[in-house]
Amino acid sequence: MKKLIICLLLIITSVQAHAQDKNKKVSFEVKGNCAMCKARIEKASLKVKGVKYVNWDIPSKQLTLILDENKCTPLDVKKAIARVGHDTDSAQADDKTYNNLPPCCKFRDPASVLMDHNVKH
Amino acid sequence: MHLLKNPFNKLILFAILLIIPLAATSQITITGTVVVNNGKGEAIAQPGVNVYWQDSTAIQVTNKDGNFQIPFNKNSKKLVFSHPEYQTDTINVNRPNIGKILLQKEISLEEVVVRNNIKPLQKSLFEVQNVVTVDSREMLKAACCNLSESFETNPTVDVNISDAVSGAKQIQMLGLNSPYLLFTQENIPSIRGASQIYGLSFIPGSWIESIQITKGAGGVQNGYESISGQINSELVKPLSDKLLFLNVYSNNYERYEFNGRYNKKISENLGTGIYVHGNLRNGNIDNNDDGFLDTPLAEQINFMNRWQYMDSEKGWVSFLTLHYLKDKKNTGQLNFVPERDKLSTNYWGSEVLSNRLDISSKVGYVFPELPYQSIGIQTSYNIHDQNSYYGLNQYNIKQNSFYTNLIFNSIINNTQNKIKAGINYSNDYYDEQVNGQVLGRNDNTIGSFFEYSYDSLEKLSLVAGIRMDHHNKLGHFITPRFHIRYSLWDKASLRGSFGKGVKGANIFAENQQFFASSRSLEITENSGKIYGLKPEVAWNFGISFIQKLYLWNRVLDFSADFYSTQFQDQVVIDWEDPRKISFYNLDGKSYSNSLQMDLNYEIVQNLDFRATYKYYDIRVDYRSGSLTKPLQPKHRFFANLSYETHRKSNGSQWRFDYTLHWQGEQRLPNTASNPNNYQFASFSPSYGLMNTQVTRVFSKKFEVYIGGENIANYTQEMAILGSDDPFGPYFDSTILYAPVLGSTYYIGLRYKL
């Protein structure tokens, strides 16, 4: 019995030490404005293989992710977000995609933030 | 009522008229009115406000009535309102008439009024299941003293009165009586077994925070018993409820009600609430002069204490609820005195005494590091004790129930794929005495369930669930349930569902109105394990469509659904011989098909219109042949108009509400073998019932409401057969197709802090 426990403990600790985290919590800023942005950012992030959970907080612009480090990296998510029109520190959306965003989502224009965004889309 | 004689044709015509102008709209002009607060709490029109599209130079100015018109600019969609004395406001324009825009003073120390624009009755476009959510504001529209009365402004649920003596309100969904519905209170099964008939009147309306009505096959989480739908009620919660709420009500038939709620926050995370309800019906009313009370005399004391603990950082949430109730009903002939005449043939009378204790607890834990993963356990224990007699018939039932449910929520791969799994155990001990005959029963069930839901984040979502149960009387069985939703196009959803339900029929508790008749009881089966009867098994299939669109500048919801319930096994309740009531296993076919069409529209700002048409086709193979279900109209029509004045900054407001229920003719159980003066026609007449209510809100703290129910004063001509000879062979109070009680007028006050 004792041996078994020790054995199990060894396995658990070695898993934690060597394998990459299957439930890694990551948080970074994503530029955006409103609830429409939130839906777009979250959808794009969740479609990246290995991302388990996403939540983009509108006031703080912080995207919180839980992802499997064996399957993807935060950079993969940032790239996916850029492909739908939103900027992060290491990936920017191209102008064509950005320009297709609805007016209230054009976060690069400071005035867009002042728009009324409380309508449900 | 002749205008509505053929509601189906009318509806089609109406629908066609509604659709034509949609295609015609081209150049859209946006209109609206700018108002400001005049400092006395009134909104007044503001002329001279600049109105322009963001990123555009064309400016319009409001006229002396505060009105403006501006051609729609689809590139901007952002309308800016500016005036030197007021704060500039930007509105995201999503409809041609944007109604009233309230501008705030540039420097305003007044409280900012945040108005909730969510309708009190909601149908969701995105929910997978066909769920109607009713919040407490909707329940305020009815006199609404208890749960059974809170569906009167809601067309999804039909409210009927079970018999002419007890006055108990019964509800139906998809044309099936309440035993085929699963009632849950915060997802713990309630109002089942012994409390089936009177249980709805044991939950005071003012304790209810919201109600969720699921049509058709429900989820698998709460058990296998639901066949036509689920009704879940959420009670008020100590940490989110008001500090204090007081309500008194009285009506012209000497019915008085009192409701009080008091909540205390003991710490940031812990709160407790005390909720009290009492009611008294004191009026000896016999307006139809049949010698019988039109409404029972009643007394009820109802007390609840709840504890809530919530620590969102650590992920814990927990409830403990204690609920005690004592209810006494007394009815029958006017001259009946219980102490003197009980169980004698001096006068016919009835008393129903109920005592009930409910204890329930809930503990939930959300893993702080994995917000999509949670585990919860719910446990409830209740004792229900009913002692009653109806004339010479005596009926006592005692039920002790224990229920526990463990549920685990998580995901597969990502939050698009959610899973729910769990186990539950329940035990019901019944001790029944039917005219001295003792019938005891002990039911045990252990079951497990698994539910998978998928959301494509775009068009498709689905929920698939399965249960496996073992019941000591019903055996092993599997219950699958499935729901799917697909977005056809913008603001339109198509839903489908199917599922199975299984239940043992508590024939006496569910049909105790028959005791108030001279009918004899007949059970001619002995093959099954519950009163000799087999369990009831049914499949339910449903399809529904909802479209939201803009019509003449305002939101219109249209929805239609069709549900079919097919019984594989059923306990048939046969009322067709006026001398007896028979219970037997179905041999042949039994089905219930229902079609419902709803239309909701805001006619002018704050004036909402709802209309519903329902068609029922319910047929059972009786031993005497195939017949439609008795006391069930084939056509029903419902309309509701509600209007609210603009709320002033001190919260004052008027609210008006009007409801019409029209029911088509109903087939009545056969009474042809009775003597002529104790017979009913084959069909009842069609009739309409109208309810109305006016609420005057004086401030955020105080409001007064007055209203009338059945204001056209329609009652059933002969409510009780053989009321002149209640101990004779023809006495029967069970054939009730219309109200016994005429117009009711009430007044009530609400005070809240």
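Is B:Phe72 buried, exposed or partly exposed, and how many C-beta neighbours does B:Phe72 have inside 10 Å? In this predicted model, B:Phe72 counts as partly exposed because it has 15 C-beta neighbours inside 10 Å. A residue needs 20 or more such neighbours to be buried and 12 or fewer to be exposed, so a value in between is partly exposed.

**B:Phe72 and its surroundings**

- B:Phe72 sits in the loop that runs between strand E5 (67-71) and strand E6 (78-83) of chain B.
- Apart from neighbours within four places in sequence, the contacts of B:Phe72 are B:Ile28, B:Thr29 and B:Ile30.
- From B:Phe72 to B:Thr628 the C-alpha to C-alpha distance is 55 Å, and the two are 556 residues apart in sequence.

**Chain B as a whole**

- Chain B holds 4 helices and 43 strands.
- The radius of gyration of chain B is 27 Å, close to the 27 Å given by the globule rule for 753 residues, so chain B is as compact as a globular protein of that length.
- Along its principal axes, the C-alpha trace of chain B spans about 85 × 60 × 55 Å.
- Buried residues make up 41% of the 753 residues of chain B.
- Taking the contacts in chain B between residues at least 6 apart in sequence, 62% join residues at least 24 apart.

**The two domains of chain B**

- The domain assignment of chain B gives domain 1 (29-103) and domain 2 (235-752).
- A distance of 47 Å separates the C-alpha centres of domain 1 and domain 2 of chain B.
- Where these domains touch, domain 1 of chain B gives 9 residues and domain 2 of chain B gives 9 residues.
- Strand E8 (residues 97-103) of chain B supplies the largest share of the domain 1 side, 3 residues.
- By class, that side of domain 1 of chain B has 2 nonpolar, 4 polar and 3 charged residues.

**Chain A and its contact with chain B**

- The contact between the chains involves 15 residues from chain A and 17 residues from chain B.
- On the chain A side, the elements giving two or more residues are helix H2 (35-46) and strand E2 (51-56) of chain A.
- E2(A) provides the largest share of that side, 3 residues.
- The chain A side consists of 9 nonpolar, 2 polar and 4 charged residues.
- An unreviewed UniProt entry carries the annotation "domain: HMA" for residues 23-89 of chain A.
- Residues 23-89 of chain A are 33% helix and 27% strand, and the end C-alpha atoms of this span lie 23 Å apart.

Conventions:
Residues are numbered from 1 along each chain as its sequence is written. Chains are lettered from A and ligands numbered from 1 in the order in which they are written. This is a predicted model: local features need pLDDT of at least 70, side-chain atom pairs count only at pLDDT 80 or more; totals for chains, interfaces and linings use all residues. Two residues are in contact if their C-beta atoms, placed from the backbone, lie within 7 Å. Ala, Val, Leu, Ile, Met, Phe, Trp, Tyr, Cys and Pro count as nonpolar, Asp, Glu, Lys and Arg as charged, and the others, Gly among them, as polar. UniProt positions are given in the numbering used here, feature names are shortened, and annotations may be inferred rather than shown by experiment. The radius of gyration is taken over C-alpha atoms; the globule rule is 2.2 Å times the number of residues to the power 0.38. Domain bounds come from an automatic or database domain assignment.
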